[in-house]
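Dear colleague,

Please find below the structure that I am handing over to you. My notes on it follow directly after.

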Amino acid sequence: MSKILVIAEHDGSSLNPSTAKTVACAASIEAAEIHVVVLAAAAAAVAGEAAQLDSVAKVLTVEGPENEHALAAVLAPQIVALSAGYSHVFGPSTTFGKDLMPRVAALLGVNQISDIMLVLTSHSFKRPVYAGNAILTVEAPADKVVVATVRIASYAAVADGNNAAIESATVDAELPDHTRFVGVQSGATDRPDLQTAAKVVSGGRALGSAESFDIIYALADKLGAGVGASRAAVDAGYVPNEMQVGQTGKIIAPDLYLAIGISGAIQHLTGIKDAGTIVAINKDEEAPIFEVADIGLVADLFKAIPELTEALD
Amino acid sequence: MQKILVGLKRVVDYNVRVRVKSDGSGVETDGVKMSINPFDEIALEEALRIKERGEAEEVIVVSVGASEAQQQLRTGLAMGADRAILVDSQESLTPLDVARIFKAIVDRESAELVILGKQAIDGDNSQLGQMLAAIWGRPQATFASKVELAGNKASVTREVDAGLETIEIDLPGVISVDLRLNEPRYVKLPDIMKAKKKPLDQLSIEELGVEVAAGIKEVTYEPPSERERGVMVDDVAGLVAALKDKGLV
Ligand SMILES: Cc1cc2nc3c(=O)[nH]c(=O)nc-3n(C[C@H](O)[C@H](O)[C@H](O)COP(=O)(O)OP(=O)(O)OC[C@H]3O[C@@H](n4cnc5c(N)ncnc54)[C@H](O)[C@@H]3O)c2cc1C
């Protein structure tokens, strides 16, 4: 039997959807008992949400002012202390989990598996490498704890209708003070979250300016979609970094993805491989994006996008 | 500060369309263009800028891998690094092994700052910096898009899913860099000539006193399932019809 500890990702007040997807991966391991741990300044609200997730047997809370911000150097020793008795420790492959889990693994003296996309057995998994151009099957040693991140685009969130027990835990760990949170700056948006939106509209370098991105936002709002971008569009400063989709940005799996004025570089395609339907609008009929698009339209986006937005009335 | 260590990994160039070997043992590398991992070039550029601002004395580039990685180290020296260390290893090492090797070099050199790429584009693991920081017992500032040093502190802006997060760390420490931190300089021909005279030391894992352990086993590589080319529509009306057909609008 596997006993799995899932590290909850949250912002202090609500649970990030990545947690329900990480739990889904854990639940695909046979005969798994899954616990979720919430480390926070005040954990009640987040723990309440985690307790509703199907497949979760128990929610642990570790509260303290040092856990107000998710600093890997501070969280990792606490997770190490909590991990005794668990066969697996999982986190999401988001920037939160990617920062944290290797630190946990190294403190435990074990390797870490990044981006689990499929569970084969309790100790063997598939994961993408080379920007998703190869899939690697890995096997973790049976006698050691498995520390891993879960590629959340590969999993649908578990449903919530559960009512798991919530227990507060105390940990005995020495916490460093060499790392301090200063602040976070995010381009606040009312649009659906890029990583969980059912529909996403992304714009590329072709937009040419931040102002031109307005036609992308207008289309997205009509569709009720989240908005993403290529690296080139982010680098050029048209949109903030958190909108980047791809190998080094967000890996997403919406039902509908519209790539507008994006050429389709492998690094971008890695981020959208699992999308349901990919639509590409590009004026170059040779653009590589058309090789993976389910529906392609060769057109000037400055004409086609306003037309499309209007046609969707 | 005295010394900054920078990791340079030799990887398949990012422009190459990677193919899995038919026997599933890895990806084709015969006759394939190899380069410095793009993130590592950015790490080196940052270290060089810190040195050029007078905030560090020496920049040392380190590669762990096959002897062919000398080529990438020479490029690093041509960019401006002062010297290079190659830790010879023919076998494939896990990130934890490589972290232990880096830790041994940190100790040997008494380095105060290690700057690494946030991930290597071959294994896409994104683990080394975090693991090194953990076994060193020092701070990590991952996915950096801005680095400011002040005395023995660094203020680092990190690209996170929510936006830009700023943290302050005490040095010594580890910084892993993201793509928007800087644009690496181009190497000029005279610099390539000069780089030939710069020291490149070779060390073995045994000399460093590191024991590599069997870790995660790579069982088999396979190509990903390919998406198929779909249909082309003639105009916006055709697109709307196709989307309606699929029940997407
Ligand atoms: C290590 C590394 C990591 C990377 N990670 C990422 C990543 O995470 N995400 C990412 O996206 N990229 C990433 N990249 C960059 C990637 O290689 C490409 O450079 C980038 O995706 C290109 O963005 P683009 O498609 O917007 O721009 P371009 O490649 O310049 O394409 C613009 C497209 O717009 C079309 N176009 C121009 N004008 C119009 C018009 N009026 N109407 C319609 N179409 C028009 C053109 O035909 C072209 O196809 C990475 C690169 C490296 C080296």
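Which side chain has an N or O atom 3.0 Å from a nitrogen atom of the ligand? In this predicted model, that side chain belongs to A:Asp300. On its own the ligand has 980 Å² of accessible area, of which the protein covers 85%.

The surroundings of the ligand comprise 30 residues, and the closest of them are A:Arg205, A:Ser230, A:Val245, A:Thr248 and A:Ser263. Sorted by class, this shell holds 13 nonpolar, 12 polar and 5 charged residues. The site is shared between chains, because the residues that surround the ligand come from both chain A and chain B. Several helices contribute to the shell with at least two residues each: from chain A these are α6 (231-235), α7 (266-269) and α8 (301-311), and from chain B there is α1 (38-52).

Helix α5 of chain A spans residues 214-223, and its buried residues are A:Ile216, A:Tyr217, A:Leu219, A:Ala220 and A:Leu223. Viewed down the axis of α5(A), these buried residues fall within an arc of 165°, and they therefore line one face of the helix. The cover over them includes, besides α8, the strands β12 (199-203), β13 (226-229) and β14 (256-260) of chain A. After α5(A) comes A:Gly224, which has a positive phi near 70°.

A last point concerns A:Thr179, which is found in strand β11 (residues 179-185) of chain A. With a relative accessible area of 7%, A:Thr179 counts as buried, because the limit for that class is under 20%. The side chain of A:Thr179 is joined to that of A:His178 by a polar contact of 2.8 Å. Apart from neighbours within four places in sequence, A:Thr179 is in contact with A:Leu71 and A:Ala73 in chain A, and with B:Pro139, B:Ile167, B:Glu168 and B:Ile169 in chain B.

With kind regards

Technical notes. Residues are numbered from 1 along each chain as its sequence is written. Chains are lettered from A and ligands numbered from 1 in the order in which they are written. This is a predicted model: local features need pLDDT of at least 70, side-chain atom pairs count only at pLDDT 80 or more; totals for chains, interfaces and linings use all residues. Side-chain values use heavy atoms; hydrogens and water are left out. Helices (H or I, at least four residues) and strands (E, at least two) are DSSP runs, numbered from the N terminus. Buried means under 20% relative accessible area, exposed over 50%, partly exposed in between (1.4 Å probe, protein chains only). A polar contact is a pair of N or O atoms within 3.5 Å; within protein, one must be able to donate a hydrogen and the other to accept it, and residues adjacent in sequence count only if both atoms are side-chain atoms. Contact means heavy atoms within 4.5 Å. A residue is near a molecule or strand if one of its heavy atoms lies within 4 Å of it. Accessible areas come from the Shrake-Rupley method with a 1.4 Å probe; for residues, only the protein chains shown count as cover. Ala, Val, Leu, Ile, Met, Phe, Trp, Tyr, Cys and Pro count as nonpolar, Asp, Glu, Lys and Arg as charged, and the others, Gly among them, as polar. The arc is that of the directions from the helix axis to the C-beta atoms.
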